[in-house]
Amino acid sequence: MNAVLAVRQYVSKMIEDSGPGMKVLLMDRETTGAVSVVYTQSEILQREVYLFERLDSPNREPMKHLKAICFLRPTKENVELLVQELRRPKYSVYFIYFSNVISKSDVKALAEADEQEVVAEVQEFYGDYIAVNPHVFSLNLLGCCRGRSWDPAQLTRTTQGLTALLLSLKKCPMIRYQLSSEPAKRLAECVKQVITKEYELFDFRRTEVPPLLLILDRSDDAITPLLNQWTYQAMVHELLGINNNRIDLSRVPGISKDLREVVLSAENDEFYANNMYLNFAEIGTNIKNLMEDFQRRKPKEQQKLESIADMKAFVENYPQFKKMSGTVSKHVTVVGELSRLVAERNLLEVSEVEQELACQNDHSSALQSVRRLLQSPRVSELDAARLVMLYALRYERHGSSGLPALLEELRGRGGSDRYRKLVSAVVEYGGKRARGSDLFSPKDAVAITKQFLKGLKGIENVYTQHQPLLQETLDQLIKGKLKDSQYPYLGPNTLRDRPQDIIVFLIGGATYEEALAVFNLNRSNPGVRVVLGGTTIHNTRSFLEEVTAAGFRGQSTGSSQVPPRSSSRR
């Protein structure tokens, strides 16, 4: 089960099927994102695709010498644009691929518009999602629910994205969902309806143990998206933001023009692939090793090119050197900026208190630590609010709760009232009344001992004590201990054997900390393959936008807004 490979194979097949000759790739906004995360532009150029265009671009020139490969979502707008395109074709021939199921009536409309008979092919290739990593996918949807109910348009889009993922991985799963979540049940029913209606598409070869789709709700664990992260991929997303593998570095002080936007892709960047799940301390050492290796391979400035053989060797090695040079510059810049932000925002101290709030149960110490940091001018408004949110989620029902005083201190920092509202909104979204499971359940003696031993292994573990609820849920699922009473099956059939292929989907967004947990589960459970998906991939800011978009206002009146980005980055 490899989401990146599935979409790559679709793109390769489209290009192959169109045959030799110069081509244009015609896409929409969403399919552009889906293709860009699995294929680099230079890779596609090598396959005779010389032009990339948007179907909705009004100023495209007619180029009759080019073949058009169209990869589009089967939306009403796209079908209408395609009808107009076929009535006045700009290219010699059209190979049309829809990223999801297209209706017979839409195919008929296209056929009627194709009076000049330029359409060579119409097919469905189910790459209707963003393949973030081989085991992680996203639909890039923010604000999927209104309160505790689906936004109807987002439910339709999520159903389409999730069924496309199943079709691309060739899985017809049994479905389980989180009983405490009405959106989870609703999505499970919608996916089941599509599988029933399109039964011929889902008629894959049966496996001994059927695959399983588990649908969960973000509101069951509001802690994970609020924590600072210390592994490379998660940290980059938390502090800089990752959008379809792209990182905006334009606000980095003194940044050079060619590094204002960089791409971090494990498919095309060996250093990133080897370091994305390592913690920050290890990355610093590995960056140093990368630079030293680069210095050793660097062509000498006064290199003597005395013979044809010398010149040939230089020309052959230069592209590799240039690529390595780009990799070194990129990662040195990214890690340098992460280091600057960690120091500027005092994140080591902030993160230690966050982990204390998430993992320990000492109210007096936690309250004291949060108060101390709220009084520090080095702690940003967002980080101060985040600490109060974590405290509120952890101790909302504590007899000696210091929340009112913390909210006053938050206001006293000179910020507006919006942070107070956001604290209340987060508790309304993911507090005890909203959760279906006990997020802070007392662990058994074995778990406590393991946690203690883990803490002895090194100081960096102070910052990585927390494990997302998803890890525990999947662990129980793999061991056959996940309760049917809390996560029922949709329909009469149940799984008798230990599941092997698991697709887990988080309504309201997943996180890179959960992606790391899934990566580790896959590595430590041979024979079990887990793929994680979400309506989006969150950092703290996008999670607070999700809560706000869902309409949670907390106890304060008025609108709750996510504050705009400050100059210290997100």
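These are my notebook entries on a predicted model of one chain.

**Ground rules**

I number residues from 1 along each chain as its sequence is written. I am working on a predicted model, where local features need pLDDT of at least 70, side-chain atom pairs count only at pLDDT 80 or more, and totals for chains, interfaces and linings use all residues, while side-chain values use heavy atoms, with hydrogens and water left out.

**Entry 1: the chain overall**

I looked up the confidence, given as pLDDT (the predictor's confidence in each residue, from 0 to 100). The chain has a mean pLDDT of 86, and 88% of its residues reach 70 or more. I noted residues 442–459, where pLDDT stays under 50 and the model has 7 contacts beyond four places in sequence. Residues 556–570 are also below 50, but that stretch has 50 contacts beyond near neighbours in sequence. Contact here means heavy atoms within 4.5 Å.

I find 20 helices and 18 strands in the chain. Helices (H or I, at least four residues) and strands (E, at least two) are DSSP runs, numbered from the N terminus. Of the 570 residues, 52% are buried. The classes are buried (under 20% relative accessible area), exposed (over 50%) and partly exposed (in between), with a 1.4 Å probe and protein chains only. Taking contacts between residues at least 6 apart in sequence, I see that 81% join residues at least 24 apart.

**Entry 2: the parallel sheet**

I traced an open sheet of 5 strands with parallel pairing, in the order E2-E1-E3-E4-E5. Its edge strands are E2 (49–54) and E5 (119–124), each pairing on one side only. From one strand to the next the twist averages 15 degrees. Two strands pair if DSSP finds at least two bridges between them.

I then followed E4 (residues 93–98). Strand E3 (residues 67–72) pairs with E4 in the parallel sense over 6 bridges, and 5 bridges join E4 to E5, also parallel. Ile-96 stands opposite Cys-70 on the E3 side and opposite Val-122 in E5.

How many residues of E4 are buried? I count 6 of its 6. Val-93, Phe-95 and Tyr-97 are buried on one side, and Tyr-94, Ile-96 and Phe-98 are buried on the other. In a regular strand the side chains alternate between the two faces of the sheet.

**Entry 3: the mixed sheet**

I traced another open sheet, of 6 strands in the order E6-E7-E17-E15-E11-E10, with mixed pairing. E6 (130–133) and E10 (174–177) are the edge strands, each pairing on one side only. The twist averages 25 degrees from one strand to the next. E7 and E17 (residues 529–534) pair in the parallel sense over 3 bridges, with Val-136 bridged to Leu-532 in E17. Helix H19 (residues 512–524) packs on this sheet, touching E6, E7, E15 (501–507) and E17, and its direction makes about 170 degrees with that of E17.

**Entry 4: helix pairs around H15**

For angles I use axes that are lines fitted to C-alpha atoms, for helices over the stretch in contact, and angles run from 0 to 180 degrees between N-to-C directions.

H15 (residues 403–412) packs against H16 (residues 418–430) at about 150 degrees, with the axes 9 Å apart. From H15 the contact uses Leu-403, Leu-407, Glu-408, Leu-410 and Arg-411, and from H16 it uses Tyr-419, Arg-420 and Val-423. By class I get 5 nonpolar, no polar and 3 charged residues. Nonpolar covers Ala, Val, Leu, Ile, Met, Phe, Trp, Tyr, Cys and Pro; charged covers Asp, Glu, Lys and Arg; the others, Gly among them, are polar.

The axes of H13 (residues 363–374) and H15 come within 10 Å and cross at roughly 10 degrees. H13 is therefore roughly parallel to H15 (angles under 35 degrees count as roughly parallel, over 145 as roughly antiparallel, 65 to 115 as roughly perpendicular and the rest as oblique). Leu-367, Val-370, Arg-371 and Leu-374 in H13 meet Ala-405, Leu-406, Glu-409 and Leu-410 in H15. That contact divides into 6 nonpolar, no polar and 2 charged residues.

**Entry 5: single residues**

Most residues other than glycine have a negative phi, and most peptide bonds are trans. I found Asn-140 with phi near 55 degrees, in the loop between E7 (136–138) and E8 (145–146). Asn-346 also has a positive phi of about 55 degrees, in the loop between H11 (308–344) and H12 (347–359). Are these residues buried or partly exposed? Asn-140 is partly exposed at 38% relative accessibility, and Asn-346 is buried at 9%.

Last, I checked Ser-542 in H20 (residues 540–549). Ser-542 is buried, with a relative accessible area of 14%. Leaving aside neighbours within four places in sequence, Ser-542 is in contact with Leu-142 and Ile-537.
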